[in-house]
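Subject: Structure handover

Hello,

Here is the structure I said I would pass on. Please open it alongside this message, as the notes below refer to residues by number.

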Amino acid sequence: MNFLETKNLSKTYPNGVEAVKSINLKIDKGEIYGLIGPNGAGKSTTIRILMGILEPTSGSVHFDGSSGIDLAKTGYLPECANFYRFMTIREYLEWSCSLYDLSDCETNIEESLITVGLENLRERKLDEISKGQKQRVGIAQALVHDPDLLILDEPTSGLDPLGKKKILTIIKGLADQGKTILTSSHILPELSQVCTGVGIIRDGELVLQGLMADLRKEFVTSNLELGFESSAGTLIEEIESLDFVSEVEEMDGERTRYIVRIKDEKRAKKDLPRVILDSEAVVTYYDFAQVTLEDIFMETMEEG
Ligand code: ADP
Ligand code: MG
């Protein structure tokens, strides 16, 4: 059994929206798991069910071998964290700490502040700090009881590149300390440098799930862009039938520009030029380009 998993988790809101459709999340201990999907895909609904804020319509949540999440071992950054603006960072964290049964809040607060790099701003009021700093206060709040699992709903959303980078560095550091992290985002490239696992959610369905390393191996290929002076004739059908080619896509409707999706790059580089030379076609463009997991993700999202 995984550290955190859901079994056929579904949620239909009273207005009839099926926000989550039979999702089976599988998250191992120590993983940084990215739940990725466009706006409205069902990420926050899933997360709110995990946190026990929403009841699922059907299905179940399992955490560390038990049914349901243990809130004493879980920290949560909501999507739109609302802060008590008049409080200082320290006061807010003290208040957060008071929600848990802890013997030494001061030490926990100090450690959380250091983890998010806000130890020098502790007396600053919450309405006098930047958006990026607020997100980091939100993470400190989620960490204040030293949880094993952290659930962060779009922690980098709306931040500038530097602010995003800081959050990613914090997430990485927390994983290095042994914490398990579930974080959501509407774009994969934003999280892909730090994620070890990923689940792609679209229209409430988990369309893809796996370890980043496996997905990269499985999906990363190369494309060959081909251009011809005039119609390439039967050459295209010939290329399409080669066993190291997965498909050929026409780009212009005039049979002069194509993208050839390659299964085996080494063989394509060696054998394809001969096939082209043996035909009558005149090549004007020939370029191999690497396709990354991020490219595939972008394409999947655009199709939807
Ligand atoms: P995400 O976090 O991926 O952007 P959400 O989980 O917030 O997606 O929303 C998933 C779907 O459920 C959307 O179609 C959204 O409009 C709908 N939805 C979200 N919250 C509610 C609600 N409280 N009542 C009814 N529908 C909702
Ligand atoms: Mg959301």
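What follows is a short account of what was found, beginning with the ligand. Please keep in mind that this is a predicted model.

Ligand site

The residues surrounding ligand 1 are Tyr 13, Asn 15, Val 17, Ala 19, Gly 37, Asn 39, Gly 40, Ala 41, Gly 42, Lys 43, Ser 44 and Thr 45. By type, this shell splits into 4 nonpolar, 7 polar and 1 charged. Helix H1, residues 43-50, supplies the largest share of the shell, with 3 residues.

Helix H3

Helix H3 covers residues 105-116, which is 12 residues. From first C-alpha to last, H3 reaches 17 Å, close to the 16 Å expected at 1.5 Å a residue. Its buried residues are Asn 108, Ile 109, Ser 112, Leu 113 and Val 116. Viewed down the axis of H3, the buried residues fall within an arc of 130 degrees, so they line one face of the helix. The background here is that an α-helix has 3.6 residues a turn, so residues three or four places apart point the same way. On the face of H3 turned away from the buried side are the exposed residues Glu 106, Thr 107 and Ile 114. The cover over the buried residues of H3 includes helix H2 (89-98), helix H4 (131-143) and helix H5 (161-176). Just after H3 comes Gly 117, with a positive phi of about 70 degrees.

Cores

The largest nonpolar core has 54 residues, and the members that touch the most others are Ile 139, Ala 140, Ile 151 and Ile 181. H4 gives the largest share of this core, 5 residues. Leaving aside residues up to four places away in sequence, Ile 151 touches Ile 47, Leu 50, Met 51, Thr 74, Tyr 76 and Leu 182. There is also a second, separate core of 14 residues, including Ala 232, Ile 239, Ile 262 and Ala 281.

Gln 135 is found in helix H4 as well. Is Gln 135 buried or exposed? Gln 135 is buried, because 26 other C-beta atoms lie within 10 Å, and the cut-off for buried is 20 or more. With residues up to four places away in sequence again left out, Gln 135 touches Pro 155, Leu 159 and Ile 167. Gln 135 and Glu 5 are 130 residues apart in sequence, and their C-alpha atoms are 26 Å apart in space.

Positive phi and a loop residue

Most residues other than glycine have a negative phi. Asn 8, in strand S1 (residues 4-12), has a positive phi near 45 degrees. Asn 8 is exposed, since 12 other C-beta atoms lie within 10 Å. Asp 203 also has a positive phi, near 50 degrees, and lies in the loop between strand S10 (197-202) and strand S11 (205-211). Asp 203 counts as partly exposed, with 14 other C-beta atoms within 10 Å.

Glu 254 sits in the loop between strand S13 (245-250) and strand S14 (257-262). Glu 254 has 10 C-beta neighbours inside 10 Å and therefore counts as exposed. Between the C-alpha atoms of Glu 254 and Ala 232 the separation is 9.3 Å, with the two residues 22 apart along the chain. Ala 232 is one of the residues in the second core.

Regards

Terms used. Residues are numbered from 1 along each chain as its sequence is written. Chains are lettered from A and ligands numbered from 1 in the order in which they are written. This is a predicted model: local features need pLDDT of at least 70, side-chain atom pairs count only at pLDDT 80 or more; totals for chains, interfaces and linings use all residues. A residue is near a molecule or strand if its C-beta atom, placed from the backbone, lies within 6 Å of it. Helices (H or I, at least four residues) and strands (E, at least two) are DSSP runs, numbered from the N terminus. Ala, Val, Leu, Ile, Met, Phe, Trp, Tyr, Cys and Pro count as nonpolar, Asp, Glu, Lys and Arg as charged, and the others, Gly among them, as polar. The expected span of a helix is 1.5 Å times one less than its number of residues. The arc is that of the directions from the helix axis to the C-beta atoms. Two residues are in contact if their C-beta atoms, placed from the backbone, lie within 7 Å. A nonpolar core is a set of buried Ala, Val, Leu, Ile, Met, Phe, Trp, Tyr and Cys residues joined through C-beta atoms within 7 Å.
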